[in-house]
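User: I have a structure open and would like to talk through some of its features. Could you take my questions one at a time?

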Amino acid sequence: MAETRILDRNLHIRAIDTYIDPTSPRARAIITHGHADHARPGHGKVLATPDTIAIMKVRYGEDCAGAFQALEFGVPLTIDDVTITLFPAGHILGSAQVLVEQGGKRAVVTGDYKRLADATAQPFELVKCDLLVTEATFGLPVFQHPAPGREIARLLTSLGNFLERAHIVGCYALGKAQRVIRLLREAGYEAPIYLHGAMVRLCELYEERGIALGPLKLAIEAGKGELAGQIVIAPPSALKDRWSRRMPDPVLAMASGWMSVKQRARQSLVELPLVISDHADWNELRETIADTGAGTVWVTHGREDALVYQCRQQGLVAEPLNIQGYEDEGEAE
Ligand SMILES: [Zn+2]
Ligand SMILES: [Zn+2]
């Protein structure tokens, strides 16, 4: 198959010996975005968007790779007979799809993506290709994400109903936290939003890179009673620990695509599940595959089989990739 010469099933671009989102240290890597299952420390040379490089340095330290090369969206970079171009994936700040062109063939690796509007990420751009490597985090027909504005409205309604209770919203620290804050601002919520300490540095980074989040305060510095009727953003792990029990009679909420699975919400003791996902849902995955015009589709990230079956029904060549090590962070996305 012609496409497999551009890219192999380990997302290795053989002609330039470069891996996309490798799960172990490599001499040369292209990183789609800053989540830990895609961006790992210890590579030799890293090619990524300026935002992703900034995120990696904040999370892993300035010298987490031998060298960094920043590539802006839409700017082609030619190495030997291979051309690499990054396009926005709409998943988190700086998240990119990777277009690899060689000998007139085009392969696209989506990384994680969504097509829904999100003020905290550069908007998804559709890229035509012959081979599409797509994620399938929510690759089952049962996953149909509601409009995020509706979920934010449910949070604000609960806040209005329980003015004496703090509302702690479990959010993954990179991407989800900033998106939820921004969605609250878009819904007209202007009060200070309180942060768990683990959120602070990444919120600052988003602000530094031009994403306004409005007034933020550190929850630990709030006086007794100050958090009643307020919103606190915390990592999901903090919902269950002593940290949250200091709050006035907290309502435990969680913002995640997984919150559509009622059992998951129950297991995590979440009273107010908010279905807010940074991944494409089932329909979005199917539409995107069709829109790219790809004849061959490789599926990564978990629930691969349903999407592979669906693609084959449409007459496409489709395979699961079964790459180990993705989705270590997926619980909260
Ligand atoms: Zn991700
Ligand atoms: Zn991922």
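**Questions on the model**

Analyst: Gladly, and let's begin with a strand: Thr-85 sits in strand S7 (residues 82-88). Please keep in mind that this is a predicted model.

User: Is Thr-85 buried or exposed?

Analyst: Leaving aside neighbours within four places in sequence, Thr-85 is in contact with Gly-74, Val-75, Pro-76, Gln-97, Val-98, Leu-99 and Glu-101. Its relative accessibility is 4%, and the cut-off for a buried residue is under 20%. Thr-85 therefore counts as buried.

User: How far apart are the C-alpha atoms of Ile-79 and Ala-15?

Analyst: Ile-79 belongs to strand S6 (residues 77-79), and with a relative accessible area of 32% this residue is partly exposed. Along the chain, Ile-79 and Ala-15 are 64 residues apart, and their C-alpha atoms are separated by 9.2 Å.

User: On to the metals. Which residues coordinate the zinc ion (ligand 2)?

Analyst: The donor spacing in sequence reads D-H-x73-D-x188-H. The donor atoms sit at 2.2 to 2.7 Å from the zinc ion (ligand 2).

User: Which residue bridges the zinc ion (ligand 2) and the zinc ion (ligand 1)?

Analyst: The zinc ion (ligand 2) and the zinc ion (ligand 1) lie 3.7 Å apart.

User: Now the helices. At what angle do helix H4 and helix H5 pack?

Analyst: Helix H4 spans residues 176-186 and helix H5 residues 197-208, with their axes 9 Å apart. H4 passes H5 in a right-handed crossing. The packing angle is about 65°.

User: By class, what residues make up the contact of H4 with H5?

Analyst: On the H4 side, Ala-177, Gln-178 and Ile-181 take part. They meet Met-199, Leu-202, Cys-203 and Tyr-206 in H5. By class, the contact has 6 nonpolar, 1 polar and no charged residues.

User: How many of the residues of H4 are buried?

Analyst: The cover over the buried residues of H4 includes helix H3 (148-161), strand S12 (193-195), H5, strand S13 (216-218), strand S14 (231-234) and strand S15 (251-255). Among the buried residues are Lys-176, Arg-179 and Arg-185, along with Val-180, Leu-183 and Leu-184. H4 is mostly covered, and the count of buried residues is 9 of 11.

User: Which residues does Ser-158 contact, leaving aside its neighbours within four places in sequence?

Analyst: Ser-158 has its place in helix H3. At 10% relative accessibility, this serine counts as buried. Its contacts beyond those neighbours are His-167, Val-251 and Leu-272.

User: How many disulfides does a search of the whole structure find?

Analyst: Take Cys-171, which is buried at a relative accessible area of 0%: its sulfur is 9.3 Å from the closest cysteine sulfur, in Cys-203, too far for a bond. Cys-129 is also buried, at 6%, and its sulfur is 12 Å from the closest one, in Cys-311, again too far for a bond. A disulfide needs the sulfur atoms within 2.5 Å. For the whole structure, the number of disulfides found is 0.

User: Last one, on backbone angles. What is the phi of Leu-11, and what is the phi of Asp-249?

Analyst: Most residues other than glycine have a negative phi. Leu-11, buried at 1% relative accessibility, lies in the loop between helix H1 (3-6) and strand S1 (12-13). Asp-249, partly exposed at 48%, lies in the loop between helix H6 (242-245) and S15. Both have a positive phi: near 55° for Leu-11 and about 35° for Asp-249.

Technical notes: Residues numbered from 1 in each chain as written. Chains lettered and ligands numbered in written order. Predicted model: local features only at pLDDT ≥ 70, side-chain atom pairs only at ≥ 80, totals over all residues. Heavy atoms only, no water. Donors = N, O, S within 2.8 Å, 3.2 Å for Na, K, Ca; no water. Axes fitted to C-alpha atoms, helices over the stretch in contact; angles between N-to-C directions. Helix = DSSP H or I, 4+ residues; strand = E, 2+ residues; numbered from the N terminus. Left-handed = near helix turned anticlockwise from the far one by under 90°. Contact = heavy atoms within 4.5 Å. Nonpolar A, V, L, I, M, F, W, Y, C, P; charged D, E, K, R; others polar. Buried < 20%, exposed > 50% of the residue type's maximum accessible area, 1.4 Å probe, protein only.
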